[in-house]
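Please keep the sequence and the 3D view at hand while reading.

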Amino acid sequence: MNFVFWNAGNRSQQSALINLISATNANITVLAEYADDDAALLRGLYSTGIDYYALPTIGCPRIKIFSDTPPDHFSIIREADRYSIRKFSRSGLEPILLALVHLPSKLYMSETDQLQDIVFFRQDIEEAEQVTEISHTIVLGDFNMNPYEKGMVAATGMHSLPCLRTALSGGRMVQRREYSYFYNPTWNLFGDTEGIPGTYYHSNPGYDARFWNILDQVILRPSIAKRLDRQSLRIVTEARDTNFLDNKGHPGISDHLPLFFSLDLSIGGEK
């Protein structure tokens, strides 16, 4: 299955979204800061031959989900203001948990508060895994943190590692408590040897300026991590006749760039 996440920047993005979904053959599209009309987008997609559905969001207005699978295959397990955790099940595919998130920016929240927010998010994911008895969990969205920041790597946070081999060991003990791992393949998108080295660009006038950031990430439980097509994971800069970059090579039509990846969810697929 093909997945797309994009923080659309609270701008009208209908034509860009149609091109993005069409070019990537996305089965599930997750959006943050989405400002368009659902029905108009669905009509536009249908006119190009894409039959899509808008999933209802009850407790999480910051996340919008569209899919080529009808909404009754997505069960809401838990929702809060900034995240939605859903069970996805469809005949022939492994059932998974989708934890879709848009966490607060450092512009409005301290790093300490960000870390506490992600601790609560992590706890809700673990409770959802216990309730559903599903370990195939995909966490996707705008974390407003880079992969190397405390909230993403701390054992009490997302505990997400850039090394699949280590993540496959399952977890580790810290102060006599066991903390399970996530695998974070988006570390691999840093660097400028190929493509754009981040999903978000910010030029800080102070001494500590990193310029490119990867705030938009996908992290995976080890039980499903080997099903990721790691060659598919990419930052999208163009789709059909839509260029997502400005004339400086920075995010243009939104302040974030879309993220795309593909997973083999077929029953009996790679384990």
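Predicted model: local features only at pLDDT ≥ 70, side-chain atom pairs only at ≥ 80, totals over all residues.

- Strand β4, which spans residues 63-67, is mostly covered, with 5 of its 5 residues buried.
- Strand β2 (residues 28-32) runs antiparallel to β4 and is joined to it by 5 bridges.
- Strand β3 (residues 53-55) also pairs with β4 in the antiparallel sense, over 3 bridges, and here the bridge partner of Leu 55 is Ile 65 in β4.

**Helix α1**

- Helix α1, covering residues 14-24, is mostly covered, with 8 of its 11 residues buried.
- The buried residues of α1 are Ala 16, Leu 17, Ile 18, Asn 19, Leu 20, Ile 21, Ser 22 and Thr 24.
- Just after α1, Asn 25 takes a positive phi of about 50°.

**The cavity**

- The count comes to 1 cavity of 30 Å³ or more, and the largest cavity holds about 40 Å³ of space.
- Its lining is made up of Lys 106, Glu 111, Gln 114, Leu 115, Met 145, Glu 149, Lys 150 and Gly 151, and the elements that give two or more residues to this lining are α3 (111-132) and α4 (150-153).
- The largest share of the lining of the largest cavity, 3 residues, comes from α3.
- By class, the lining of the largest cavity has 4 charged, 2 polar and 2 nonpolar residues.

**The pockets**

- The largest pocket has a volume of about 790 Å³ and is lined by 31 residues, of which Ser 105, Lys 106, Asn 144, Tyr 200 and Leu 215 lie nearest its centre.
- Strand β4 returns here, as β4, β13 (200-202) and β14 (211-213) each supply at least two residues of the lining of the largest pocket.
- The lining of the largest pocket divides into 11 nonpolar, 10 polar and 10 charged residues.
- The second largest pocket contains about 470 Å³ of space, and among its 17 lining residues Asn 188, Leu 189, Glu 194, Leu 233 and Arg 234 lie nearest its centre.
- In the second largest pocket the lining residues divide into 7 nonpolar, 6 polar and 4 charged.

Technical notes. Residues numbered from 1 in each chain as written. Heavy atoms only, no water. Buried < 20%, exposed > 50% of the residue type's maximum accessible area, 1.4 Å probe, protein only. Helix = DSSP H or I, 4+ residues; strand = E, 2+ residues; numbered from the N terminus. Pairing = 2+ DSSP bridges. 1 Å grid on protein atoms, 1.4 Å probe; cavity = no way out; pocket = protein on both sides within 12 Å on 5 of 7 lines; lining within 4 Å. Points joined across faces, edges and corners; volume = space filled by probe spheres on them. Nonpolar A, V, L, I, M, F, W, Y, C, P; charged D, E, K, R; others polar.
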